[in-house]
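Please bring up the sequence and the structure, and I will then walk through a few points.

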There are 4 protein chains.
Amino acid sequence: MTKIRLGMVGGGKDAFIGAVHRYAARLDGEFELVAGALSSTPKKARDSGLALGLDPTRCYGSFDEMAEREAARADGIEAVAIVTPNHVHGVAAAAFLRRGIHVICDKPLTATMEQAQELAQVADDSDALFILTHNYTGYPMIRQAREMIARGDLGKIRVVQVAYAQDWLADDTGGKQADWRTDPARAGLGGAVGDIGSHAHNLACFVSGLRVDSLAADLQSFVPGRAVDDNAHVMLRFEGGARGMLWCSQVAVGNENALSLKVYGETGGLEWAQEAPNVLWFTPFGAPKQLLTRSGAGASASANAVSRTPGGHPEGYLEAFANIYTEAAVAIRAAQKKRQISTVLPGMSEGLAGMQFIEVCVRSSLNDAAWTRLEY
Amino acid sequence: MTKIRLGMVGGGKDAFIGAVHRYAARLDGEFELVAGALSSTPKKARDSGLALGLDPTRCYGSFDEMAEREAARADGIEAVAIVTPNHVHGVAAAAFLRRGIHVICDKPLTATMEQAQELAQVADDSDALFILTHNYTGYPMIRQAREMIARGDLGKIRVVQVAYAQDWLADDTGGKQADWRTDPARAGLGGAVGDIGSHAHNLACFVSGLRVDSLAADLQSFVPGRAVDDNAHVMLRFEGGARGMLWCSQVAVGNENALSLKVYGETGGLEWAQEAPNVLWFTPFGAPKQLLTRSGAGASASANAVSRTPGGHPEGYLEAFANIYTEAAVAIRAAQKKRQISTVLPGMSEGLAGMQFIEVCVRSSLNDAAWTRLEY
Amino acid sequence: MTKIRLGMVGGGKDAFIGAVHRYAARLDGEFELVAGALSSTPKKARDSGLALGLDPTRCYGSFDEMAEREAARADGIEAVAIVTPNHVHGVAAAAFLRRGIHVICDKPLTATMEQAQELAQVADDSDALFILTHNYTGYPMIRQAREMIARGDLGKIRVVQVAYAQDWLADDTGGKQADWRTDPARAGLGGAVGDIGSHAHNLACFVSGLRVDSLAADLQSFVPGRAVDDNAHVMLRFEGGARGMLWCSQVAVGNENALSLKVYGETGGLEWAQEAPNVLWFTPFGAPKQLLTRSGAGASASANAVSRTPGGHPEGYLEAFANIYTEAAVAIRAAQKKRQISTVLPGMSEGLAGMQFIEVCVRSSLNDAAWTRLEY
Amino acid sequence: MTKIRLGMVGGGKDAFIGAVHRYAARLDGEFELVAGALSSTPKKARDSGLALGLDPTRCYGSFDEMAEREAARADGIEAVAIVTPNHVHGVAAAAFLRRGIHVICDKPLTATMEQAQELAQVADDSDALFILTHNYTGYPMIRQAREMIARGDLGKIRVVQVAYAQDWLADDTGGKQADWRTDPARAGLGGAVGDIGSHAHNLACFVSGLRVDSLAADLQSFVPGRAVDDNAHVMLRFEGGARGMLWCSQVAVGNENALSLKVYGETGGLEWAQEAPNVLWFTPFGAPKQLLTRSGAGASASANAVSRTPGGHPEGYLEAFANIYTEAAVAIRAAQKKRQISTVLPGMSEGLAGMQFIEVCVRSSLNDAAWTRLEY
């Protein structure tokens, strides 16, 4: 089985998420990075490509050039990873989708709802796949949580508590990552709600199997001069009557990447934390708490399907991210054979829901946290 | 030093909190229980009193009788603990305050705001002390958190996250405790918000040193037929610009008594959980997280003042509760000598704030979670 | 029911364990401290007694005087707590046992094996009870562990791992507690093995239901000039074939009072740690780990019998210690009525086993860690 | 930079550690697997190779054939991974070393000391590198612990506690992995001491910077019919006066892969656990405990050098294993250029020390746990 030929847009030197995508693409050996437009600065794009061992002729100065020239090659890329700042996602993804090249795009979908809708139209018109890397859905115990809820282990869901706390933006010392992620022109209207709140929203829905009907959001910018929110409090109303809270913050001193999810139903509860991802707490009402472990005695089929090592051999962030890539490979190979497959991979629909979430958070907050409906 | 003569209203057989008050009163040897109106059922009151070793002549059938007869004795009670359902707090406390007997009352203050205001008036007219057992403020590491924030270790406070989750009301199997705590006539309008949300609100304010200006609350009753809320989501706006979230639930399956508090400021963060009360996490921004332990190297003066054992010898719920009682003893002895003392003991002001919190939560929720101001 | 009249030997100002015994005696209201020989320095003895509210005529200058005069009173003490340095335990306990006064004595039994054997003879000749405060056996989840093992939840026991780590003697800065506990004349031959190793040995046997047949010990004195061990490594062979390891240390920097016990059998495992005493980990082989909680869904009868508060309301060191006192009260009242009762209270037999443990550790270590049998 | 051409011996279908080596080789993109003798069964070897995408002509039926034919190719493998049962390590590694092909070999070094010494001689005579995958040394926080101890953060080391507990051999249900790992002919004389005790020994030495002078070991076989130990208790004496304990078990029910290390010195202590590998507890004597996190504020240079993601994005077992491979790549490229480099990679010296450890454990245990010296 030959590897899928992959290109990358963004992800040059000093980038964070580009390197993560490359680890993820490499871990299971399903992809080979063969081309890149790794920076919007041509020299940096070329230097970054050479440092990664790319053929110099496939180090491009722009995604448009890459799309055009790769599409023309017999051995051109089959898929592309888009790992730029948010405002480039839409135009870059569209350039490849229009040429039938599958797209694996970082989240959130785009910087603005308009960009999102344009991209959705392009994707709709294309035979190529669009996959959005809501990577936290790739954790085995998250898959297990979803499976357990779907099969009724918790009964009807009542309450969802999700939080995503960081502290790296607690002051304004900046840096490359801080710069674009707090710039509305590049990141979009949402700051914390866009960067990490969208992950929290996605995870809550992925696991609970529920959609958010409406929300009430109170967004804050604590650091002086910051143009976007750096902390957000959101109350959620899910379809079917469940309620929830979502907190995301980039100023919560002492938190590195503290994404946590708690779901409570009529007959059971589940609790999970990203920084200890190999375990899932499960309590059937009236019985002792159980510590379910990845690849352990209580691990479910859907968790085992995305695990690589025995219990007690911790897997982490990169493995979860790689699960998205490897499922993308399966989907791409199926698409190449015109086969339909069932998949839980996040895609355009999740991307649009995420954009709705961000946009409605901002709108609700401007309206003094009034309940505001999400439109799907 | 002789012990303070203590009476008790409520707390007969099958009660929960009455026994807790008795442990708390006994641990440091500052009180001696000498009289009781332990139940509103006279026979049960008497049986319960005898079981506790009370003099039969001081086992009363009603608090009124106890107040009148004890006030007439030369060796009558100096203080009384009120541990009845909420709707009795006001009338019982008033009966003793009017006779100059100090009152130690369980929370919340009363079942209704009217009762609260009447009681406040009585307390105002009395020389006797009114102490409200917001017992979680008695934990040493909570004292330390308050001290650290007051002296500026966290800088200006930005975010307060407080949660109080239980699961004992996840179904409707009931029991004595469940019965009155979900009956609006006895508990008041608030269910979870009254029973545990009021603790969470009090703790957040006690530690942060901030008052809540306004809140937006979304209350739910998940168990069919329940007349009060059993889960509540609340967004908070504090004076001075800090924001917060408060979640309380009695249907969160897998949680026993999970009260937790997280406070984040410009330069540091603190995190504490009631079920592991001997430690306090402190992160100065940009430095490693520290695990501060009770009686340990990083313990502060205010924590040490209310600790009994060396580090690693865990203290718990009863010790924290006893700290309130022992500070009450200090305050009572001072009052008996007409001396003013400085104390952090919760009293009428905290009780009224708590009633405001409950009442405004219910009102905001009925008004679709509109922001509603608390009036102090 | 009147309180048991209690005296105390040792436990004056600056003492640690005396205050603990007083809290433990007070919590459940079963004892009243009425007399004391609280220090070997008469003035300090008297000052300490007055500070505790004792009648000046019952503040004695020596335990002999107290034994003689209290035995002569109609309202004399019924029981005495011995909380002196180890070398006084034997003579003090004997003075009371000979007069029919029940003894509650701190561990280890004595400073030397000779003292232990003499005391055992005295106890044997007395109708009074001798109770040894191996307080860690009083924790509810320790009771549950013992019950689960006794009823076969783990199958035949294979491995016992017990550790007791502290760091307060990591240097030689001393203090009153350090002084006597590292002085062989007062503490006995064992340093860490006597002070805390004896607790670890007792707990391992109490929970597993097994006796140690032989051991191989390697003792060290890391702090220059120290006359006793401050760290000890011990391999254990239990009757019936189980094996174990015991580590105790007072120089393990970062440990406050880290007593932990792990027991593994053919079909299950249990793990417990004193610094988080309200939970017990249980794994049935081949099934998920369970977190059993005090007063929780999985709590057993023997745990519930010694619990005071609902799950999630942490109990700690003093509550466990108080359980020993309250069971002592039950035993004393039964003895006063010449009734036999079944009890798990540690007494002379456990005291002698502990002395054997200490003495054999020292002997084995002097013999280059040769396997050495314990003789019961 | 082209990838290093890698072969593999062992690691066919149903193998565990072969797949791990392939993930490790792939993650950083430094190796390309191009040849294999993946099973001693020719058909399985070929099928396994094809499943991995190997060129059919490079799927060999034996390691000898592979060594001979690859050495003859211009594009032959530059390095080989040996992932067979232990008894094959020596002969296989020798076949490649003799032909100048670098060897990356799983631990322990061999099944017997004789095999080890023969292999050492071959390695000594070869210009090729011999690298032993003591993979736990690849964890960033283990690197940090080593660095902190080397620079004196703990002062002189006193005590080392290391434990490695599993439960997968708690009964005799077997399976492919169990079969060979409990067969002395294939695994060697050591069971648990060879399979996991050798890791624990290596880690303790790697971090502390100390060698074991002598040890006293008590080995057990709890499962009826088992020919090797499945639980071992070992007391350690290190050069320079430090002492330690090592416990390894494969019958400790409730433990998946619980490798933990605690090191205590005169002025500080460190604690680490493999199942939560991204954090390291550090306590300077007399100060609060610190939670040092990978890529966090307290992370050291040596930890950062082997980290891929920001703090809070957990790395795990495969990343640590990959660190060994990537450092092997650096060493191999340097060797190809005849350059000397400084490295902490485990190799022949660590392999021989491990064999000493295993052999001396068995010998000491047969001699009733007599202290026995390791000879280096």
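This is a predicted model: local features need pLDDT of at least 70, side-chain atom pairs count only at pLDDT 80 or more; totals for chains, interfaces and linings use all residues.

Let me begin with a question: is C:W281 buried, partly exposed or exposed? Residues are numbered from 1 along each chain as its sequence is written, chains are lettered from A and ligands numbered from 1 in the order in which they are written, and side-chain values use heavy atoms, with hydrogens and water left out.

Now the answer: C:W281 is partly exposed, with a relative accessible area of 22%, where buried means under 20%, exposed over 50% and partly exposed in between, using a 1.4 Å probe and protein chains only. A:W281 is likewise partly exposed, at 22%.

A:W281 and C:W281 form a tilted pair, with 5.7 Å centre to centre and 35 degrees between the planes. Because A:W281 lies in strand β12 (residues 279-284) of chain A and C:W281 in strand β12 (residues 279-284) of chain C, the pair joins two chains; strands here are DSSP runs (E, at least two residues), numbered from the N terminus, and helices are runs of H or I with at least four.

In chain A, one aromatic cluster includes A:F31, A:Y136 and A:W272. Charges also sit over rings, meaning that NZ of Lys or CZ of Arg is within 6 Å of the ring centre and within 35 degrees of the ring normal. A:R211 lies over the face of A:Y376, at 3.9 Å from the ring centre, and the charged end of A:R237 sits over the ring of A:W371, 3.7 Å from its centre.

Finally, how do the copies relate? Chain B can be laid on chain A with an RMSD of 0.0 Å by a turn of 180 degrees and a shift of 0.0 Å along the axis, the superposition being by least squares on the C-alpha atoms of residues with pLDDT of at least 70 in both. The two copies are thus related as by a two-fold rotation axis, and B:A370 comes closest to that axis among the residues of chain B, at 3.6 Å (C-alpha).

Key: Rings of Phe, Tyr and Trp (its six-membered ring) pair if their centres lie within 6.5 Å; planes under 30 degrees apart count as stacked, over 60 as edge-to-face and the rest as tilted.
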